[in-house]
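Good morning, colleagues. Please have the sequence and the structure open as I speak.

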Amino acid sequence: MEQTPILECRNLCISYATRGGEIPAVIDFNMTVMPGQGVGIVGESGCGKSTVALAIMQYLGSNGYIKSGEIFFHGRDMRTMSEEELRSIRGSKIAMIYQEPMASLNPSMKIGEQLAEVPLFHEDVTRAEAMQRALELLEAVKLPDPKRIMDAYPHQISGGQQQRVVIAMALLSKPDLLLLDEPTTALDVTVERGIVELVKEISAEFGTSMIYISHNLGLILDTCDRVTVMYSGEAVEDGTVNEVFDDMYHPYTSGLFASIPLPGADKNERPLVPIPGQLPLPHQRPRGCFFGPRCAFFKDGTCNTDKVNMRSVTGQEGHTVRCARFEDIDWSEGDHAAVTVKSVKSGKVVLKVRNMKKYYEIRSSSILSMIRGDAVKTVKANENINFDAREAETVAIVGESGCGKSTFAKVLMGLEEATDGEVILNGEDLAHVSVQKRKARTVGHLQMVFQNPFDTLNPSHSVGSQIARVIRKFGVEKDPEKVRAKVNELLDLVKLPRDFAHRRPRQLSGGQKQRIGIARAFAGNPALVVADEPVSALDVSVQAAVTGLLTEIQNDLRSTLLFISHDLSVVRYLSDRVVVMYLGHIVEQGTTDEVFSPPYHPYTEALLSAVPIADTSVEQKQIILEGDIPSAVNPPPGCPFQTRCQRKIGSICETELPPMKEFKPGHHILCHLDEDVFADMEPVIVMHEKGEAVTVS
Amino acid sequence: MTDINQNDVAPPSAIARMFKNFLLIRESPIAMFGFALIMMWVILAILAPVLPLYDPNTPLEPFKFPLSAARDGGHYWLGTDHKGRDILSRVIFGAQTVLVWATLATGVAYIVGMFMGVVAGYLGGWWDEVISFVSNVLLSFPVIVLYIIIITYLGATGFNIVLAVTFASAPGIMRIVRGLVLDLRTRDYIFAAQTRGESPMYIMLVELLPNARGPLIVDACLRLGYTTITIAMLGYLGLGLPPPDPDWGKMIAETQPLGSFAGHMAVVPAAAISSLVLGFNLLADGLREISMRD
């Protein structure tokens with residue numbers, strides 16, 4: 001049966017007017033969304049994916065405009081609609097869900113009233129009916145105790161719950177089309193998994209079409225039927241999810257897949273292949289193919305002459321690729337993934353953490369709590385942390401927000417003092433020595449790479465002077481000439497041109513800033529580097545280059561790397577040993593292989609099932625954790641994980657802290673479960689043999 | 001690869017960079033206009049000794065209207081006052097007083113306010129409690145009363161005007177800086193400085209303050225305008241610099257009773273005050289507009 005599409009974009013060109021003239025943000029974009037279909041738009045930051053969504057909502061802002069092309073909604077061109085008509089469509093026929101749930105909710109209105117506003121505005125209903133509808137939808141998005149939430153203000157519920165409320169709000173008017181712009185990026189993995197499942201169920205139940213915008217290929221695979229890959233304002237590949245994921249034809253698409261750590265990638269045998277270079281600025285796009293300068297298959301005369309058009313792949317109708325020579329590419333030619341890195345033997349123990357505890361005291365100044373006598377509350381941010389890290393080894397600390405991994409880093413760096421226990425670095429106990437009291441050499445031995453590239457460098461000082469300061473501070477060199485030479489040496493080390501020393505941080509891209517952050521951390525020849533989510537804020541293609549660089553330097557200098565992350569794919573790829581934390585406790589630790597294969601701690605099991613994996617040949621067990629991470633101010637009694645555990649065995653979990661069980665030497669799990677339950681656990685991630693690899697006949 | 005790495009480019013000097021940043025004000029006509037107004041007064045004040053002007057303090061012919069001919073063949077372009085002094089000359093020499101003391105007073109207020117703000121914001125705790133409390137007390141005091149107390153108690157000298165302005169302005173500056181620092185101190189580069197064991201003083205002066213400069217430059221322009229008004233007001237109240245040197249505020253105060261038949265005597269210095277303050281305000285507005293753009 002021939003269906004009419006819900007939404008169709010034809011040759012859409014969107015531009016922004018700026019100081020420097022017109023900037024084309026989206027060029028020649030085509031998309032068709034059929035009823036009930038989920039269409040993904042995937043691409044790195046600045047590729048124009050959010051602009052498409054805003055154009056569909058006709059919300060481009062004061063300086064954005066649709067230059068040419070059409071957007072048909074139910075067969076009508078939205079560009080010809082009046083403001084009045086558009087208003088009646090927005091929020092009722094097309095609803096949008098943004099990245100930051102808190103920004104989408106009015107902080108001064110109760111949630112029930114905010115929800116009821118939608119039907120009251122768009123439909124002719126009474127207040128009571130509207131409230132009833134709101135309550136029903138809160139139940140539909142599986143919020144616990146919806147009556148209470150109706151009466152709550154947005155700040156009183158957690159981030160995951162807020163996003164569920166936003167989804168409920170979007171669904172209230174039964175929209176035909178739901179636009180989701182990175183709806184789970186701000187959330188923890190286990191919470192994200194719940195939201196993604198919800199979105200899938202809802203589209204099936206309500207028959208809503210979806211446009212799902214994300215930079216995460218794994219989420220797209222999970223939620224969508226079709227996918228459009230965008231690069232620098234253009235769609236470069238479009239097709240069903242299976243076509244694009246298993247049988248990709250565009251070099252950018254294949255480059256993206258090569259640079260994300262899929263199961264099977266290994267930092268030594270199969271290292272990730274970063275895409276060289278960086279996304280061109282809109283006014284510096286090259287002639288011909290925009291991806292040309294970064295492409296391994298670039299051919300002079302073919303790729304840099306005419307504008308490249310989308311062409312169908314023979315035999316796969318509907319699978320289109322914007323590449324001038326995708327039929328001719330010999331994929332094996334560009335496969336320089338065969339570079340293997342020599343694996344490094346880890347040496348003696350560098351860092352020893354024994355029974356480390358960190359408690360914070362929070363003083364409540366309210367009169368009520370003073371009368372009750374509970375003015376001082378203890379936050380147990382770290383409980384009994386025990387682990388070792390060896391020379392040249394990468395130890396990952398994994399956990400979601402609030403698990404205490406950042407607190408641990410602060411104690412280690414000396415910004416906080418431990419409440420109890422020992423933190424021994426090269427034989428010196430640092431648990432109770434704040435950074436100001438440490439010797440310059442000790443401080444230099446223990447450095448950190450920070451998460452946010454936009455925050456890691458001081459915008460007021462040149463890059464060179466910031467590195468030079470570190471060199472002088474750690475007493476590596478004093479003589480100005482030698483300091484300058486050392487700065488150049490460090491810039492070489494992170495593979496940046498030497499004249500970057502004179503640049504200001506704002507003249508650098510995110511990846512380049514992160515490289516400077518790495519150079520700064522390695523300036524004092526550190527024994528141990530703590531990397532706090534060093535790549536999570538970077539684009540996928542840049543992530544691979546930065547992680548590669550980090551491991552390379554670490555191997556050369558034989559430093560220990562403490563890699564703090566919530567992203568299990570990167571952790572599996574990068575680390576030798578893994579420490580899993582939950583609510584201040586280490587719940588599991590062992591080598592990467594031990595942690596990633598059974599027996600698991602139930603939390604590790606849930607984490608593994610929650611990671612979105614962009615590989616069609618991987619089968620993941622579905623474990624959806626209920627609720628959110630409890631607050632560290634008021635942790636549950638007994639096992640920290642008991643409130644959400646999918647394998648809870650009974651009252652013992654609620655009363656007693658589980659014992660640390662040893663499975664192999666060094667592989668520990670904090671759990672009450674019986675030995676035979678552990679023995680029967682099946683792997684969460686199973687890889688099937690790929691039917692057909694990425695080859696072109 | 002090594003080839004690209006060898007070119008050691010000389011860094012652009014600090015002065016060249018400042019000049020380049022300064023050229024950005026060309027993007028805002030408002031800022032340009034404000035800047036032109038200020039520069040007009042600055043240039044006139046600097047050139048005052050060499051311009052063909054009558055001596056500002058010598059009585060010549062009283063009660064002359066603007067554009068009237070002088071006895072010696074010249075012109076009183078803006079007339080003379082009740083004592084026969086040339087108003088144009090007095091306004092231009094008065095600009096010297098206002099510009100010097102307004103800049104000096106605002107500068108000192110800024111140094112004190114910034115230091116208080118960065119200490120309160122970065123160190124927090126008791127430092128914050130004490131500094132914020134003192135600031136609140138000062139801010140709750142009517143400013144004019146504060147001025148009158150300080151000047152009458154200590155005497156009307158330039159130094160005391162600076163002191164009075166500092167007392168009145170520093171708490172406001174401290175609040176702005178404290179707010180900015182509370183935000184900036186959570187940045188990773190501050191953690192980075194802490195983890196390499198930098199002293200609090202270094203972090204405050206080198207890592208924090210330079211990053212607060214954007215909003216502070218705008219505020220400083222506005223505050224220069226306020227201080228201009230303050231100095232004129234003190235002059236008007238008879239608390240300004242001692243006579244006989246010209247002072248815009250005092251010029252208004254002295255000639256105001258004669259306004260019914262010789263209005264120009266008070267209008268000219270009043271217009272001078274307005275134009276200078278307007279210049280500072282427009283420059284501040286324009287700078288804010290420029291900084292709001294990407």
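Predicted model: local features only at pLDDT ≥ 70, side-chain atom pairs only at ≥ 80, totals over all residues.

Let me begin with a definition: two strands are said to pair if DSSP finds at least two bridges between them. With that in hand, consider strand β1 of chain A, residues 7-18, and strand β4 of chain A, residues 64-73: they are joined by 8 bridges and run antiparallel.

Let me now step back to the whole chain. Chain A contains 23 helices and 26 strands. Its radius of gyration is 27 Å, close to the 26 Å that the globule rule gives for 697 residues, so chain A is as compact as a globular protein of that length. Along the principal axes, the C-alpha trace spans about 75 × 70 × 50 Å. Of the 697 residues, 48% count as buried. As for contacts between residues at least 6 apart in sequence, 68% of them join residues at least 24 apart.

Strand β11 of chain A, residues 311-313, runs antiparallel to β12(A), and 3 bridges join the two. Within this pairing, V313(A) has Q316(A) as its bridge partner. The two strands form a hairpin with 2 residues between them, and in the turn G315(A) has a positive phi of about 85°. Strand β12(A) also pairs with strand β10 of chain A, residues 234-240, in the antiparallel sense over 2 bridges. Here T320(A) in β12(A) stands opposite D238(A).

Is V189(A) buried or exposed? It counts as buried, because it has 20 C-beta neighbours inside 10 Å, and 20 or more is the cut-off for that class. Leaving aside residues up to four places away in sequence, V189(A) touches E400(A), H566(A), L607(A), A610(A) and V611(A). By contrast, H122(A) is 67 residues from V189(A) along the chain, and their C-alpha atoms are separated by 35 Å.

Notes. Residues numbered from 1 in each chain as written. Chains lettered and ligands numbered in written order. Helix = DSSP H or I, 4+ residues; strand = E, 2+ residues; numbered from the N terminus. Rg over C-alpha atoms; globule rule 2.2 N^0.38 Å. Buried ≥ 20, exposed ≤ 12 C-beta atoms within 10 Å, placed from the backbone. Contact = placed C-beta atoms within 7 Å.
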